Amino acid sequence: MRLFVAIQLSDEMKKAAVETLHVLKKKGITGNYVPTQNLHLTLAFIGETDDPGAVKDALKGVPLKPFRMTFSDMGNFGDLLWIGVKGNQGLSGTAKAVRDALDGAGIEYDRKKFAPHITVIRKASGSWKGIPAPKGDMMVKKISLMKSTNKDGKHVYAEVAAFG
(Lines give C-alpha, C1' and ligand atoms only; values in the text may rest on other atoms or scores of the structure.)
Protein backbone atom coordinates (compact mmCIF):
# COMPACT_ATOMS: atom_id res chain seq x y z
CA MET A 1 0.00 0.00 0.00
CA ARG A 2 1.40 3.43 -1.01
CA LEU A 3 1.02 5.88 1.92
CA PHE A 4 1.69 9.48 2.86
CA VAL A 5 0.79 11.77 5.76
CA ALA A 6 -1.00 14.95 4.74
CA ILE A 7 -3.09 17.94 5.64
CA GLN A 8 -6.21 17.91 3.53
CA LEU A 9 -7.33 21.32 2.30
CA SER A 10 -10.62 22.87 3.32
CA ASP A 11 -13.23 23.34 0.58
CA GLU A 12 -12.52 27.10 0.62
CA MET A 13 -8.78 26.58 0.09
CA LYS A 14 -9.43 24.05 -2.68
CA LYS A 15 -11.75 26.55 -4.37
CA ALA A 16 -9.11 29.31 -4.19
CA ALA A 17 -6.46 26.96 -5.62
CA VAL A 18 -8.74 25.84 -8.44
CA GLU A 19 -9.47 29.47 -9.39
CA THR A 20 -5.73 29.99 -9.78
CA LEU A 21 -5.48 26.80 -11.85
CA HIS A 22 -8.14 28.19 -14.21
CA VAL A 23 -6.05 31.37 -14.61
CA LEU A 24 -2.97 29.25 -15.36
CA LYS A 25 -4.90 27.25 -17.99
CA LYS A 26 -6.15 30.48 -19.64
CA LYS A 27 -2.52 31.73 -19.74
CA GLY A 28 -1.59 28.60 -21.69
CA ILE A 29 0.23 26.69 -18.94
CA THR A 30 0.16 23.03 -19.92
CA GLY A 31 0.95 19.93 -17.90
CA ASN A 32 -0.72 17.39 -15.65
CA TYR A 33 -3.07 19.39 -13.45
CA VAL A 34 -3.72 17.83 -10.04
CA PRO A 35 -7.44 17.03 -9.65
CA THR A 36 -9.24 19.15 -7.04
CA GLN A 37 -9.94 16.18 -4.78
CA ASN A 38 -6.19 15.38 -4.66
CA LEU A 39 -4.98 18.82 -3.50
CA HIS A 40 -3.18 18.46 -0.15
CA LEU A 41 -0.02 19.36 1.75
CA THR A 42 2.31 16.40 2.33
CA LEU A 43 3.92 16.19 5.77
CA ALA A 44 5.76 12.91 5.06
CA PHE A 45 5.79 10.60 2.04
CA ILE A 46 6.10 6.99 3.15
CA GLY A 47 5.68 5.14 -0.13
CA GLU A 48 5.05 1.41 -0.37
CA THR A 49 4.50 -0.43 2.92
CA ASP A 50 3.10 -3.80 3.88
CA ASP A 51 2.23 -2.64 7.39
CA PRO A 52 -0.18 0.31 7.43
CA GLY A 53 -1.13 -0.64 11.00
CA ALA A 54 2.38 0.23 12.21
CA VAL A 55 2.10 3.65 10.54
CA LYS A 56 -1.30 4.26 12.19
CA ASP A 57 0.11 3.24 15.57
CA ALA A 58 3.06 5.61 15.15
CA LEU A 59 0.82 8.54 14.24
CA LYS A 60 -1.58 8.02 17.17
CA GLY A 61 0.93 9.69 19.48
CA VAL A 62 1.50 12.81 17.36
CA PRO A 63 0.40 15.88 19.32
CA LEU A 64 -1.64 18.33 17.24
CA LYS A 65 -2.49 21.80 18.46
CA PRO A 66 -4.79 23.45 15.91
CA PHE A 67 -3.01 26.08 13.83
CA ARG A 68 -3.72 28.36 10.87
CA MET A 69 -2.40 27.46 7.43
CA THR A 70 -2.21 30.21 4.79
CA PHE A 71 -1.26 30.26 1.10
CA SER A 72 1.84 32.38 0.47
CA ASP A 73 3.35 32.27 -3.00
CA MET A 74 3.85 30.16 -6.09
CA GLY A 75 6.97 28.39 -7.19
CA ASN A 76 8.40 25.34 -8.84
CA PHE A 77 10.75 22.40 -8.38
CA GLY A 78 11.87 21.88 -11.97
CA ASP A 79 8.69 21.24 -13.98
CA LEU A 80 6.53 20.76 -10.87
CA LEU A 81 4.47 23.89 -10.10
CA TRP A 82 3.23 24.49 -6.56
CA ILE A 83 1.36 26.89 -4.31
CA GLY A 84 3.39 27.69 -1.22
CA VAL A 85 2.18 27.74 2.36
CA LYS A 86 3.47 30.23 4.92
CA GLY A 87 5.71 28.55 7.41
CA ASN A 88 4.69 28.81 11.05
CA GLN A 89 5.45 27.04 14.31
CA GLY A 90 2.27 24.98 14.20
CA LEU A 91 2.99 23.66 10.72
CA SER A 92 6.71 23.04 11.18
CA GLY A 93 6.12 21.53 14.64
CA THR A 94 3.48 19.16 13.25
CA ALA A 95 5.72 18.07 10.36
CA LYS A 96 8.59 17.45 12.80
CA ALA A 97 6.33 15.52 15.20
CA VAL A 98 5.08 13.30 12.33
CA ARG A 99 8.62 12.59 11.16
CA ASP A 100 9.83 11.96 14.73
CA ALA A 101 6.97 9.49 15.27
CA LEU A 102 7.85 7.65 12.04
CA ASP A 103 11.53 7.60 13.04
CA GLY A 104 10.63 6.28 16.50
CA ALA A 105 8.67 3.43 14.94
CA GLY A 106 11.42 2.60 12.43
CA ILE A 107 9.18 3.48 9.47
CA GLU A 108 11.00 4.57 6.32
CA TYR A 109 9.87 7.77 4.57
CA ASP A 110 11.24 10.33 2.12
CA ARG A 111 13.64 12.46 4.16
CA LYS A 112 13.72 15.50 1.88
CA LYS A 113 13.73 18.75 3.83
CA PHE A 114 10.15 19.79 4.62
CA ALA A 115 9.13 22.58 2.21
CA PRO A 116 5.42 23.39 2.75
CA HIS A 117 3.67 23.43 -0.62
CA ILE A 118 0.68 22.07 -2.52
CA THR A 119 1.58 20.49 -5.86
CA VAL A 120 -0.79 21.80 -8.54
CA ILE A 121 0.79 20.87 -11.92
CA ARG A 122 3.28 18.15 -12.81
CA LYS A 123 5.28 18.43 -16.04
CA ALA A 124 4.29 22.12 -16.24
CA SER A 125 5.24 24.06 -19.33
CA GLY A 126 4.86 27.78 -19.98
CA SER A 127 5.48 30.95 -17.99
CA TRP A 128 3.45 31.33 -14.83
CA LYS A 129 5.47 34.33 -13.64
CA GLY A 130 3.27 37.25 -12.63
CA ILE A 131 0.28 35.08 -11.77
CA PRO A 132 -0.49 35.74 -8.11
CA ALA A 133 -0.86 32.96 -5.59
CA PRO A 134 -4.40 32.34 -4.40
CA LYS A 135 -5.61 33.89 -1.18
CA GLY A 136 -6.77 31.41 1.40
CA ASP A 137 -6.32 30.09 4.87
CA MET A 138 -7.80 27.48 7.18
CA MET A 139 -7.54 26.08 10.67
CA VAL A 140 -5.76 22.73 10.69
CA LYS A 141 -7.36 20.44 13.26
CA LYS A 142 -6.30 17.03 11.94
CA ILE A 143 -3.71 15.22 9.91
CA SER A 144 -4.55 12.33 7.61
CA LEU A 145 -2.86 9.08 6.71
CA MET A 146 -3.60 8.79 3.00
CA LYS A 147 -3.25 5.95 0.52
CA SER A 148 -2.58 6.43 -3.16
CA THR A 149 -3.86 3.98 -5.73
CA ASN A 150 -3.66 4.05 -9.48
CA LYS A 151 -6.99 3.80 -11.27
CA ASP A 152 -7.01 3.97 -15.08
CA GLY A 153 -3.64 5.74 -15.03
CA LYS A 154 -4.76 8.37 -12.51
CA HIS A 155 -3.81 8.76 -8.85
CA VAL A 156 -6.71 8.36 -6.45
CA TYR A 157 -6.16 9.40 -2.84
CA ALA A 158 -8.22 8.13 0.07
CA GLU A 159 -7.97 8.76 3.79
CA VAL A 160 -6.97 5.65 5.74
CA ALA A 161 -7.06 7.30 9.19
CA ALA A 162 -7.31 10.77 10.75
CA PHE A 163 -5.51 12.07 13.83
CA GLY A 164 -6.07 15.20 15.87
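**View 1. Buried residues of helix α3 in the predicted model.** Eight positions are shown by name: L91, T94, A95, A97, V98, R99, A101 and L102 are the buried residues of α3. These residues pack against strands β1, β3, β4 (67–77), β5 (80–85) and β8, and against helix α2.

**View 2. The ends and length of helix α3.** Beyond the helix comes G106, which has a positive phi, near 70°.

**View 3. The open sheet of four strands.** The strands are ordered β3-β1-β8-β9 and their pairing is antiparallel. Strands β3 (40–48) and β9 (154–163) form the edges, each pairing on one side only. From one strand to the next, the twist averages 30°.

**View 4. Pairing of strands β1 and β8.** Strand β1 (residues 2–8) and strand β8 (residues 143–151) run antiparallel and are joined by five bridges. R2 has S148 of β8 as its bridge partner.

**View 5. Helices α2 and α3 on the sheet.** Helix α2 (residues 52–60) packs on the sheet and touches β1, β3, β8 and β9. The direction of α2 makes about 50° with that of β9. Helix α3 (residues 89–104) also packs on the sheet, where it touches β1, β3 and β8. The direction of α3 makes about 10° with that of β3.

Notes:
Residues are numbered from 1 along each chain as its sequence is written. This is a predicted model: local features need pLDDT of at least 70, side-chain atom pairs count only at pLDDT 80 or more; totals for chains, interfaces and linings use all residues. Side-chain values use heavy atoms; hydrogens and water are left out. Two strands pair if DSSP finds at least two bridges between them. Helices (H or I, at least four residues) and strands (E, at least two) are DSSP runs, numbered from the N terminus. Axes are lines fitted to C-alpha atoms, for helices over the stretch in contact, and angles run from 0 to 180 degrees between N-to-C directions. Contact means heavy atoms within 4.5 Å. The expected span of a helix is 1.5 Å times one less than its number of residues. Buried means under 20% relative accessible area, exposed over 50%, partly exposed in between (1.4 Å probe, protein chains only). A polar contact is a pair of N or O atoms within 3.5 Å; within protein, one must be able to donate a hydrogen and the other to accept it, and residues adjacent in sequence count only if both atoms are side-chain atoms.
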